[in-house]
Structures are given as C-alpha cells and as structure tokens.
Amino acid sequence: QVQLVESGGDSVQAGGSLRLSCLVSGSGYSVSSRSSAWFRQAPGKEREGVAYIGGPAFSTDYADSVKGRFTISQDNAKNTVYLQMNSLKPEDSATYYCAGGFSGVWDDQRRRSANYEYWGQGTQVTVSS
C-alpha cells in the first residue's frame, strides 16, 4: 500500500514563504519512476493542479497562477516531493494535496486529478493580508 504524507502547511503573512513536503512510502513505490503533482482546494472551489513533476524527462510544469513563485522538486533518496512557495498571496490559501501514481500521457492529462492514483491527506496553508 502506498502512502503519501504531507507536511509544512502553516499560517503566514502575504509575501512570505513555505515549503511543503510529501513523504511517499510503501509497496516499492519510488518517486524517481512515477510522476507527481501538487493540487490545492479552497473552500467552495474545485481542486486545481498547482505544480507537476514527471514525464520522460522529469520536467516540471506549473499553473499560471503560481508560475515564477512556486517550485516543485523531489529528493529521490528520501522518496519525497517538495513544493517551495514564495511570495505567497491570500488567494493561495487552501488545503494542499500531494498526488502520485500518475497514469496517462504526460501532456494536459497531468492537470486532471483523476489521473493520479495516490493522494495524501492534505496540509493547510493560510495566507493573511
């Protein structure tokens, strides 16, 4: 059984930074061989993709709303995926979820939550103005 455990969520002032971590464990799963992503969901809104890492070249991609401020990365030795968030804005407030076990073609399909098999429990990020 594969487990994803997020950590690092907190309450910060606008302009601040946070680093989220997603530790993956179980069933021989390795982040070095499977694509991962971070999604977020604010109250009353749909879950949206924020950052992606994977595909044949393990490239990264971002939602337009976070491009230039967020960075997704991974440490294969620690089987952990990170999301560095800088210049945070109040509209970044949400529960952030780590996703793994992507299935599909690494194009626009990576933005669809249904294409990820494994999910963490979420970590709360609150940004105040």
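What does the charged end of Arg47 sit over? The ring of Tyr97, at 3.9 Å from its centre. For "over a ring" I mean NZ of Lys or CZ of Arg within 6 Å of the ring centre and within 35 degrees of the ring normal. Arg47 also lies over the face of Trp119, 4.8 Å from that ring centre.

Okay, the housekeeping. This is a predicted model, where local features need pLDDT of at least 70 and side-chain atom pairs count only at pLDDT 80 or more, while totals for chains, interfaces and linings use all residues. Residues are numbered from 1 along each chain as its sequence is written, and side-chain values use heavy atoms, with hydrogens and water left out.

On to the aromatics. Rings of Phe, Tyr and Trp (its six-membered ring) pair if their centres lie within 6.5 Å; planes under 30 degrees apart are stacked, over 60 edge-to-face, and the rest tilted. That rule gives seven aromatic pairs. Take Phe102 and Trp106: their ring centres are 5.0 Å apart and the planes sit at 85°, so this one is edge-to-face. Both of those residues, Phe102 and Trp106, are buried, and buried here is under 20% relative accessible area, exposed is over 50%, partly exposed is in between (1.4 Å probe, protein chains only).

Phe102 also pairs with Tyr116, with centres 5.2 Å apart and planes at 55°, so that pair is tilted. Since Phe102 is in strand E9 (residues 94-102) and Tyr116 in strand E10 (residues 116-119), the pair ties together parts 14 residues apart in sequence. Strands (E, at least two residues) and helices (H or I, at least four) are DSSP runs, numbered from the N terminus. Tyr116 has 4% relative accessibility, so it counts as buried. Ring pairs link Phe102, Trp106 and Tyr116 with Phe39, Tyr52 and Trp119 into a cluster.

Next, the cores. A nonpolar core is a set of buried Ala, Val, Leu, Ile, Met, Phe, Trp, Tyr and Cys residues joined through side-chain atoms within 4.5 Å. The largest has 28 residues, and Phe70, Trp38 and Tyr96 are among those with the most contacts inside it. Elements giving two or more residues to this core include E3 (18-25), E7 (70-75) and E9, and E3 gives the most, with four. There's a second, separate core of seven residues, which includes Ala37, Phe39, Tyr52 and Phe102.

Cys22 is joined to Cys98, S to S 2.1 Å. The torsion about that S-S bond is about -80°, so the disulfide is left-handed. Cys22 is buried at 0% relative accessible area, and Cys98 is buried at 1%.

Last stop, Thr123, in strand E11 (residues 123-128). Thr123 is at 10% relative accessibility, so it counts as buried. Its side chain reaches the backbone nitrogen of Gly9 at 3.0 Å. That's a polar contact: N or O atoms within 3.5 Å, where within protein one must be able to donate a hydrogen and the other to accept it, and residues adjacent in sequence count only if both atoms are side-chain atoms.

Terms used:
Disulfide = S-S within 2.5 Å.
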